[in-house]
Amino acid sequence: MIPPSFVQDLLSRVDVVEVVGRYVQLKKAGINHKGLCPFHGEKTPSFTVSATRQTYHCFGCGVHGNALGFLMAYSGMGFLDAVRDLAQQVGMAVPEDNRTPQEREKAAALKERQATLTDVLHKASDHYRKQLKGNKRAVDYLRGRGLTGEIALAFGLGYAADGWRGLASVFPRYDDPLLEESGLVIATGDTEADRKRYDRFRDRIMFPIRNVQGEVIGFGGRVLDKGEPKYLNSPETAVFHKGKELYGLHEARAGLRKRGYALVVEGYMDVVALAQLGFPNAVATLGTACSAEHVQKLFRFTETIVFSFDGDSAGRRAAGRALEASLPFATDTRSVRFLFLPPEHDPDSYVREHGAEAFEACVADAVPLSRQLIEAAREGCDTASAEGRARLLAQAKPMWLALPEGALKMQLLGDLAQAAALSTDDLNRLWQAQAQAAGGRSRPPRDRDRSHEPDDYPPPDDSWSAESQDIDYSSFEPSEPGAQRAPRQGGFQGGAGGQRRPWVDKPFFGKRKPPEEGVGLPRARTTSTEDLAVKFLLLHSEWWEQLDAGDLELLHELPAPHGALCAWMERHVQDNGPTAWAVWEVALRETEWTRLVGRLVTEDALQEESQFTELRRVLDRMWVRQLERQQNELSQRAATDPAALAQYREVLLHKQKRLQALSLTPGPLT
């Protein structure tokens, strides 16, 4: 903790007029200084800075505070960062608590490295802006999207020329390691002599990504014509962490206070276009799902967040992730809402077609967090049955528990009870009883060596079963009574040293009865395309990033349990990045998919070497089957519905492309 005495000493040394004057144009007005308030839109100055009292006050919106408070409010800094910034201005050393000299030295080196990287990125940003002015094709593209030169300048838009080494003319050394470290240049080759370098961004409209302080920390590049990927982001660097940053937040600070809410949209172009159309309060995530850090950062600038998503299934999934991220911060004084536009519209196109007032009406009618939580819990539940209502409560409980204590949480308990046809008291007693039962249940640690346990541990039950299509009965292997298996090298098996008796040495997911004497357990194998797809994605989570939106939709729509597991895995990868198997193993414990995963991820599977083309072939085969089902449905309607005939032809063409892909990709179909 920084001592209060230090903060008081710091504030006595800084001049609030000088601090505010770095961001606001001030004019002397008697003994005070006045200017246009940076926290709300105004034409007549009502923002006053007092040198005698060392405070600022706006008579229009009511904001007030000292130099430290202004820096935190305007720049979005945390308390510690704001103290360090002010201390640096007056040459004071901030007292560091509980940090060794080595840790302080490391922190200083990192800060210097980050400053160097932002300098490199800023220089590249200037170059891209100059390139935009001289490229008619790029300017025409932006004009075609309805953007003006003023808005392009405000967001620092630029253009990366269609050349392999465009930045070589900008930096003295094209082989400078900083260019590669900042993500501007890609280097290939194992040795320095063999290394080849080229620009990451080529023939793209460039959107500089700035942190709250206005420093360029990365770029997003959009193709002008057709091409993949449509958007290309900078890689993770020492200054750029896409799971923490929001595009447009630096530019939207004043708009957030003017409009009174943050509008979270899905793309760079939406943010820029909305700012031009009168909504300067829009921000966007950087190709990732909304995270808790995104929500927390936005609540530093406003008390209201509106998430705007498409009304399709992908938009619903994105809303689900935003809901989860928002729950811990949904206090009684904050508001989180969800706006679902028609599938044919994004916010930009909706405002252009229907006008700003119509869009404002949509924002006013956005779904509040409380209702969105209940709708998310209701998904897949038949509330006309007791079983469906019980499932609703089971799905709602973890979300409800994530809410902070307060009136909102209490009211939601009543709403959930009503949705499940229970009284609030009954639901409260039920969840309290479940919590007590869970807290009082004893269980041995998962990594405990159970070689000394009695032979009836775990208790025999009837949970061992196998569906015929998942068992290769020709693979039964006799085993001698009491024989030990070799220690496991991976998978769900656990155990100290892997030393267990054959029937105890079981997958972590699910229990098995001990086999009868002289009889071995059958080995499970994957036989369906669904099994293979899930297995590949569990063992190679980096492949998620190579799937397109259609593939993701296909996986999400798989029948239970595969579809639900795929949705969970994709969300996990979006939030945490590619995940090693050991991490999956821990994350999947105690979930409803434990049995499925235990069947798919065997010791043999962990030893397999697979290629992405194998997953691609499996997905294409699944596509063919789905398209064949659509063909059958459309063929029955085509006799009376001309539109169905046209759809049939489109589906047929799509299926032919998938079949062609299958014929070109080596490997088994299943």
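This is a predicted model: local features need pLDDT of at least 70, side-chain atom pairs count only at pLDDT 80 or more; totals for chains, interfaces and linings use all residues.
Residues are numbered from 1 along each chain as its sequence is written, and side-chain values use heavy atoms, with hydrogens and water left out.

Let's start with the second largest pocket, which holds about 1700 Å³ of space. A pocket here is an open set of points on a 1 Å grid over the protein atoms alone, where a 1.4 Å probe fits, with protein on both sides within 12 Å along at least five of seven lines. Points are joined across faces, edges and corners, and the volume is the space filled by probe spheres set on them. Its lining counts 41 residues, each with an atom within 4 Å of a point. Nearest the centre you will find Asp81, Lys111, Gln114, Gln213 and Glu215. Two or more lining residues come from each of helices H3 (67-75), H4 (79-90), H5 (101-133), H9 (249-259) and H11 (292-298). Helices are DSSP runs of H or I, at least four residues, strands are E runs of at least two, and both are numbered from the N terminus. Which helix gives the most to this lining? That is H5, with eight residues.

Now to the rings. The whole structure has 26 aromatic pairs, meaning Phe, Tyr or Trp rings (for Trp, the six-membered one) with centres within 6.5 Å; planes under 30 degrees apart are stacked, over 60 edge-to-face, and the rest tilted. Phe207 and Tyr268 make a stacked pair, 5.3 Å centre to centre with 15° between the planes. Phe207 belongs to strand S9 (residues 204-210) and Tyr268 to helix H10 (residues 268-276), so this pair ties together parts 61 residues apart in sequence. Both Phe207 and Tyr268 are buried, that is, under 20% relative accessible area with a 1.4 Å probe, protein chains only. Elsewhere, ring pairs link Tyr23, Phe39, Phe47, Tyr56, Phe70 and Tyr74 into a cluster.

Last, the sheet. Five strands form an open sheet in the order S1-S2-S3-S4-S5, with antiparallel pairing; strands pair if DSSP finds at least two bridges between them. At the edges are S1 (27-29) and S5 (64-65), each pairing on one side only. S3 (residues 47-50) and S4 (residues 55-58) are joined by four bridges, and Thr48 has His57 in S4 as its bridge partner.

Thanks, all!

Note on methods:
Buried means under 20% relative accessible area, exposed over 50%, partly exposed in between (1.4 Å probe, protein chains only).
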